[in-house]
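Try each task before reading its solution.

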Amino acid sequence: MTHGIRDFGLACGSLPAGALNAITDVAGVRVGHLTLRDGDINTGVTAILPHGGNLFRSKVRAASEVINGFGKTVGLVQLDELGTLETPLLLTNTLSVGTCATALIRQAIRQNPDIGRRTGTVNPLVAECNDGPLNDIQALAVGEEHALAAIEAAGEGPVEQGSVGAGTGMTCFGFKGGIGTASRRIRLDGRDHHLGTLVLSNFGRAGDLVLPDGRRPDPRRPGEAESGSVIIVLATDIPLEHRQLKRVARRAGAGIARLGAFWGHGSGDIAIAFSTVDPVDHDEKRGLVPIRVLSESRIDLLFQAAAEATQEAVLNSLLASPAFEGRGGARRPSLADWLLASA
């Protein structure tokens with residue numbers, strides 16, 4: 001049985017969650033995993049799709065915020081220059097970023113044979129965390145076929161969390177980390193909207209974790225430097241332009257700080273935000289294109305939602321992960337076990 005923070009009577013903030021309490025509360029967003037677990041191999045790929053159509057032809061508005069830049073990504077420079085996302089977003093381990101980018105390029109070319117010939121090239125988006133302590137990262141076990149399988153597996157509805165996909169070999173605050181998700185419901189102009197977060201948690205110094213009730217779970221691995229990484233993906237069905245998306249992405253850092261992290265030297269902490277509203281037509285013929293945007297008098301609601309959902313998503317990634325044994329017998333305890341034992 002997997003757990004979430006709400007199973008222990010704890011809450012992150014005051015905004016209500018969506019029906020699924022997941023990034024897929026944002027209509028159209030899909031998530032898929034491919035997990036590799038065989039002896040010392042403990043890794044995988046997680047795919048996030050803003051919609052189920054051709055993303056190259058119908059791009060979504062997006063932005064990123066680099067909280068601490070000790071990370072290896074593909075695609076962030078163009079994403080922030082043009083403000084659009086045009087492929088699925090893949091999460092994986094550090095040494096598999098290039099492989100996943102190639103898989104995204106090949107898929108985009110199959111769907112759009114004019115890429116690089118009659119139109120521009122394509123900007124794949126891949127982000128990573130280092131699962132080397134629990135996974136034989138030098139084995140380069142992730143292949144292009146695994147990246148494509150994660151995309152094919154992507155669906156709407158509940159999101160599998162914990163030691164799955166890219167989260168298979170991750171560590172967070174000395175406990176077993178991985179994939180986590182949460183959402184917040186926001187009421188605007190008489191309609192419900194959502195902001196959802198999915199994290200790949202692999203950061204935080206053992207003993208620094210702070211729960212919403214102030215407790216500090218200790219995995220009994222003191223003296224370690226804060227290292228690793230966290231990738232935070234935020235999706236919303238609220239119309240935001242690039243600058244607003246970047247501002248919202250920045251507030252994911254508040255959720256990380258609430259957990260007790262200080263974005264250490266060795267941690268790559270990166271947030272990527274996108275809106276599913278008013279996609280950008282690759283083949284647009286008009287010279288002037290109207291767009292809708294959120295009134296900035298209401299943007300504090302999204303800032304609050306980003307901080308709360310990020311905090312909860314990380315805790316859910318920990319609580320959904322059972323105790324784990326990885327490469328060379330390396331072990332990571334479960335936060336759920338710690339909470340159950342301390343109840």
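**Exercise 1.** Leaving aside its neighbours within four places in sequence, which residues is Asn 42 in contact with?

*Solution.* First, a word on the model: it is predicted, so local features need pLDDT of at least 70 and side-chain atom pairs count only at pLDDT 80 or more, while totals for chains, interfaces and linings use all residues. Residues are numbered from 1 along each chain as its sequence is written, and side-chain values use heavy atoms, with hydrogens and water left out.

Step 1: locate Asn 42, which sits in strand S2. Helices (H or I, at least four residues) and strands (E, at least two) are DSSP runs, numbered from the N terminus.

Step 2: list the contacts, meaning heavy atoms within 4.5 Å. Asn 42 is in contact with Leu 36, Arg 37, Asp 131, Leu 134, Asn 135, Thr 168, Gly 169, Phe 324, Gly 326 and Arg 327, once neighbours within four places are set aside.

Step 3: check the accessibility. Asn 42 has 0% relative accessibility and so counts as buried; buried means under 20% relative accessible area, exposed over 50%, and partly exposed in between (1.4 Å probe, protein chains only).

**Exercise 2.** Describe how helices H2 and H3 meet.

*Solution.* Step 1: recall that two packed helices are described by the angle between their axes and the distance between the axes.

Step 1: apply this to the pair. The axes of H2 (residues 97–111) and H3 (residues 144–152) come within 8 Å, crossing at roughly 65 degrees. Here axes are lines fitted to C-alpha atoms, for helices over the stretch in contact, with angles running from 0 to 180 degrees between N-to-C directions.

Step 2: H2 and H3 cross in a right-handed way: a crossing is right-handed if the near helix is turned clockwise from the far one by less than a right angle, and left-handed if anticlockwise.

Step 3: name the partners. From H2 come Thr 99, Cys 100, Thr 102, Ala 103, Leu 104, Arg 106, Gln 107 and Arg 110, which meet Glu 144, Ala 147, Leu 148 and Ile 151 of H3. The residues of this contact divide into six nonpolar, three polar and three charged. For this sorting, Ala, Val, Leu, Ile, Met, Phe, Trp, Tyr, Cys and Pro count as nonpolar, Asp, Glu, Lys and Arg as charged, and the others, Gly among them, as polar.

**Exercise 3.** Which residues of H3 are buried, and what covers them?

*Solution.* Step 1: the buried residues in H3 are His 146, Ala 147, Ala 150 and Ile 151. They lie on the same side of H3, because they cover an arc of only 145 degrees around the axis; the arc is that of the directions from the helix axis to the C-beta atoms.

Step 1: turn to the opposite face. Exposed Glu 145 and Glu 152 are carried on the face of H3 turned away from its buried side.

Step 2: find the cover, which includes strands S1 (30–38), S2 (41–49) and S5 (89–93) along with H2.

**Exercise 4.** Where is Glu 308 placed, and is Glu 308 buried or exposed?

*Solution.* Step 1: Glu 308 belongs to helix H6 (residues 299–319). With 2% relative accessibility, Glu 308 counts as buried.

Step 1: follow the side chain of Glu 308, which reaches the backbone nitrogen of Ser 14 at 3.0 Å. Such a polar contact is a pair of N or O atoms within 3.5 Å; within protein, one must be able to donate a hydrogen and the other to accept it, and residues adjacent in sequence count only if both atoms are side-chain atoms.

Step 2: not counting residues up to four places away in sequence, Glu 308 touches Cys 12, Gly 13, Ser 14, Leu 15, Arg 184 and Arg 258.
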